Every structure is written in C-alpha cells, then in structure tokens.
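Visitor: I would like to learn how to read a few features of a protein model. Please show me the structure, and I will ask as we go.

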Amino acid sequence: MVYIFLDESGDLGFDFNKPKTTKFFVITILFASSKRPIEKCVRLVHRGLRRKYKKIHSVLHAVEEEPATRQRMLNKLSEKDCAIMAIYLNKRRVYTKLQNEKAVLYNYVANILLDRIITKRLIPKAEPVCLIASKRETNKFLNENFRNYLKEEAKNTHKLDVHMEIKMPAEEKALQAVDFVSWAIFRRLEYGDNRYYNLIKNKIVEENPLFP
C-alpha cells in the first residue's frame, strides 16, 4: 500500500489589499509505503509538549506551535522513509478566470501533483494507493467533487484505482505531519525563511511553480 497525504498552506484569496492575503499558495503531498512511521512522529512530538500545552494542542498545527516543536517534527520526518512533492502558486500570476474558480483551481493543482507522482514512477503501479486529503471545505458537494475528480483522473489517465479519503487532522495523525511540511515550504516562499525548510529539504523530490 502507498499512502499519500495532502495539505496546503497560504490562502486562495486574490484581494491583495487585504492584510492577511498571502502572496503564495502551496499544495504539498507527503507519501510513504507505510503511514505508521509518520503517525509515530506525530505521537512523539505531541508527547514531548509541555504538559500545559497538551490539552490546548490536542492537534498539532505548525502555525500555532513553538519553534522547538516545529523543528522536532521536521527533524523526525527527515529520518523517515518518505518523500515530499509540492506545487506553489505565485498568486499574482494566476489567470483571472481561475481566480474566480477557486475550487476548480485547487482540484487542478492537486491532480497535477498526483499525476506527477505516477508519471515519474515514484510509486509502484502495482501497489494499491490511498490518498488522504486534509478537509478544507465544509460543503459536501465540493468535497465529493474533489474526491471524484481525482479518482476519475487517475483511473482514466493512468488506469489506477485510487482510494480517496478526506479527513480532519484530528482523525488522521499523518495529516498533522504534512501540515508542518507544507508550512515550512510556504514559509520559505512567503517570508524567505529557510530555517524549517532546510530540515526536510533532503526529502523533497520535486517543488515547482505552476505559473512561473
């Protein structure tokens, strides 16, 4: 079994007059032949939190954690048998039509990532594939559309039957790990801060812009 975990960092807002609108948007996948070592990283990092933070931070989220916690998570992941791939958008270069179709844009980018993993033979075609994406939409229709789109594209283009799930990080611990990875890549792009990125750089097999 091949496990693929997907998460994003930044936002898909395009009103750059708003102070919290990000310049970049990143979609990241972390993939491995087993999810247990990834889950173990999350458990160990959570166990190492100071007692007063454990109840507050029942789910680890990179943007809310202390630097030492971020470093611990990324260092542990860098030692595991896993790989990372990411696509990032310089949002000012995204076509206007796609800016107005955010769900379509997100689905499109996620599918490019899945397609590249398969095309580059980074996962064995004979192995069953389970893709677990972090839930970002509350709308059931959009979630179903996302799930069906990726499954159909994989089946039609690569004759690959992908088991697709959308979960909250509280339900799937490995999603908490990919959150840290995606945040580290985003941090480098948005703020020029390489401290965290460098900790998992050895695991990144591809990282490209969509609209260079």
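Visitor: Which residue lies over the face of Phe16?

Guide: This is a predicted model, where local features need pLDDT of at least 70, side-chain atom pairs count only at pLDDT 80 or more, and totals for chains, interfaces and linings use all residues. Residues are numbered from 1 along each chain as its sequence is written, and side-chain values use heavy atoms, with hydrogens and water left out. A charge sits over a ring if NZ of Lys or CZ of Arg is within 6 Å of the ring centre and within 35 degrees of the ring normal. Here, Arg92 lies over the face of Phe16, 4.1 Å from the ring centre.

Visitor: Where does the charged end of Arg188 sit?

Guide: Over the ring of Tyr197, at 4.6 Å from its centre.

Visitor: How many aromatic pairs are there?

Guide: Rings of Phe, Tyr and Trp (its six-membered ring) pair if their centres lie within 6.5 Å; planes under 30 degrees apart are stacked, over 60 edge-to-face, the rest tilted. That rule gives 7 aromatic pairs. Phe186 and Tyr191 form an edge-to-face pair, 6.3 Å centre to centre with 90° between the planes. Phe25, Tyr106 and Phe146 form one aromatic cluster.

Visitor: Is Phe186 buried or exposed?

Guide: Buried means under 20% relative accessible area, exposed over 50%, partly exposed in between (1.4 Å probe, protein chains only). Phe186 has 7%, so Phe186 is buried. Tyr191 has 54%, so Tyr191 is exposed.

Visitor: Which residues is Asn143 in contact with, leaving aside neighbours within four places in sequence?

Guide: Contact means heavy atoms within 4.5 Å. Asn143 touches Lys135, Glu137, Thr138 and Ile166. At 10% relative accessibility, Asn143 is buried.
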